[in-house]
Amino acid sequence: MSIRDNLKRLLAPRHLAFVGGRSMARALKRCADGGFQGQMWLVNPQHASLEGVPCVASIDDLPCGPDGVFIATNRELTLNCVAELAAKGAGGAICYASGFAETGEQGLALQEQLLHAAGDMALLGPNCYGLLDYLHGVALWPVAHGGKVVEKGVAILTQSGNFAYNLSMSDRSLPLAYMASVGNQAQLGVAELMDVLLDEPRVTAIGLHLEGLKNVPGFARVAHKALEKGIPVIALKTGVSQIGAELALSHTSSLAGSDALYDSLFERLGVIRVSGPVSFVETLKAAACGNLPAGPSLIALACSGGDAGLIADYAERNHLTLPKLDDSQRAELAQVLPSYANLVNPLDFTTAIWGDRDALEKMLETALSTPADAALLVLDYPAEFTGERKECDLLLELYCDLLERHGKTGFVSSAFPELLPATARERLHARGVAALQGIEDGLAAWSRIAHYRARREALLADGESALAPICPAVSVASGRLLDEWQSKQALRAFGLPLPEARLCRPEQALDEARSLGYPLVLKVVSADLPHKTEAGGVALNLKDEAGLNAALDSMRSNLARHAPGLAFDQVLLERMASPPLAELIVGIKRETGFGLALVIGAGGILVELLKDSRSLLLPTTDQAIHEALLSLRCAPLLTGFRGGPAVDMPTLVRAIRAVADYACENAERLLELDVNPLLVNAEGAVAVDALIRLA
């Protein structure tokens, strides 16, 4: 069997084994209590039984190779167990022990031995908490957990065992199908697990808690698979870094850190990124029923004006629309609700009909007769001691019935997170209605899911999500810097527009200037001087020979002062570009283990002050470049600010595409690339400076 086939056995096991001591006996009992129906064995050579569980003396004594095994021994014994299980034909094993690659070179060598011992057996870890499988009642897990068996739900993959443990204990009623703590990902990583989980029809969404990705192309492939299947992927990504900043010569390298590249990857693949554990869980709950809304419009219901006001505010903030009630709806509602009810969306149906089954049913029947994509009911339960919860239960029952009758997607949110009790949440989830806690978090979560379908359709139509990211090996050497002339000529071959120019010796400059025509720009050309302006190596808007002569003399003395030893033997003359509508930076960012990214942003001298940029992983599409340009804060300068002229966008996109094409063609050796500034105007674009560093 292949590793993939064995992973499928691990995720739907018929029998289980636990290797270890008393904690494993308790783990086995928890599986029995959780409803697992298959055979289970406890392997321990030193005891006949533990905690009342009979022990098998060795792995060799097992009647067959178990589909799933939890190994809770030290790292040396773990190696032996894995080899014996592989020989026995086991499906998959969780390696709980630490002391492998996370500890350094010696541990890495042991991890390599572990992989070799596993062969084609699926291996989760080492250094991980294991696997919770609530579709089959399986807990290959060393401690207690808080979940229970479900018919369908979300799958969560995390790089933190403690996060997984706490999430299983959280009081949020998240329908959890699987949760895996991936540990060192020696064999099975996020991509491999996602690939198989996406083949399980009862998995409705996938949640990822990540510090980083070990296999970006593999992740991109399976995330595209999720996009094709319409399975939302929600990511909580932690950690921001600027890897290799000490090697950076270009503005691009300081402008786009690794976190921007993750943003680009997630945006390209339709992965929904969230900012914290609460938004992570609530967004997963919004997706968990698997019945995703077609769009962002809502019919919203509340029994107080205060709640209705909160709905209106948070809906607007999260780009959710509240279509108006039509005349017939208002007329029908007026027959049911008191005269002081404000018949708008969001609807405050007041407490006048509270507990009145017929009136509530008529109100819901009318309100839900709407083309809105989804419905929202805001409801906070009183404390149990009040005896007033039965009216809330009635409203939920009627709401679920009417949603079903109208074939409408719906959710419930409380204003206060703790005022939607577990009994109500579980009743709602059983009816396919998301129970979200806290109106602010709830509407933000719903918005992410409500906008997912349109984003998914656009990505699939554009085709960018199907493009495998280019992830070449990164050279650790400093590389070779091309001078400005060489950089520009390399990019010209791919279609980047440049000013008319001449490369010459300083003593030839006057003759070349006559043939080129004034006004001109004069620049010193040297690969040893990447930042020319600071050294006085640039002179702008030279209008005649006298100005050019003065600039040559000034440049010679500036270089002698700021860059002693630099030969002043080549200069570049360029036609002075006309004043632009905007200045952009276009560059290439690369990062260890990640890939090449095209960075587009506000350029010129303010590039690092404004930090207005977008990153696109390569390869990319013209449509993605166009959307990135329009998403910049400086975009109004491109589209016609205050009625002014607009940039020729197709020409600008082609200019940027030239940089992307050069990078794709030279991916194995390109370390850095900057075009800054790229001057843009109504006629198009022209690159007036460029820097390339090659391995």
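Me: Is Cys128 buried or exposed in this predicted model?
Reply: Buried means under 20% relative accessible area. The relative accessibility of Cys128 is 3%, so Cys128 counts as buried.

Me: How far is the nearest cysteine sulfur from Cys664?
Reply: Cys664 takes part in no disulfide. Its relative accessible area is 26%, so Cys664 is partly exposed. The nearest cysteine sulfur is that of Cys471, at 12 Å.

Me: How many disulfides does a search of the whole structure find?
Reply: A disulfide is a covalent bond between the sulfur atoms of two cysteines. Searching the whole structure gives a count of zero.

Me: At what angle do the axes of H10 and H16 cross, and what is H10 to H16 as a result?
Reply: The axes of H10 (residues 277-288) and H16 (residues 439-450) come within 8 Å and cross at roughly 55 degrees. That angle makes H10 oblique to H16.

Me: Which residues of H16 make the contact with H10?
Reply: The crossing of these two helices, H10 and H16, is right-handed. H10 contributes Val278, Ser279, Glu282, Thr283, Ala286 and Ala287. From H16 come Asp441, Ala445, Trp446, Arg448 and Ile449.

Me: What is the handedness of the crossing of H7 and H17?
Reply: The axes of H7 (residues 216-229) and H17 (residues 452-462) come within 10 Å and cross at roughly 115 degrees. H7 passes H17 in a crossing that is left-handed.

Methods. Residues numbered from 1 in each chain as written. Predicted model: local features only at pLDDT ≥ 70, side-chain atom pairs only at ≥ 80, totals over all residues. Heavy atoms only, no water. Axes fitted to C-alpha atoms, helices over the stretch in contact; angles between N-to-C directions. Helix = DSSP H or I, 4+ residues; strand = E, 2+ residues; numbered from the N terminus. Parallel < 35°, antiparallel > 145°, perpendicular 65-115°, else oblique. Left-handed = near helix turned anticlockwise from the far one by under 90°. Contact = heavy atoms within 4.5 Å. Disulfide = S-S within 2.5 Å. Buried < 20%, exposed > 50% of the residue type's maximum accessible area, 1.4 Å probe, protein only.
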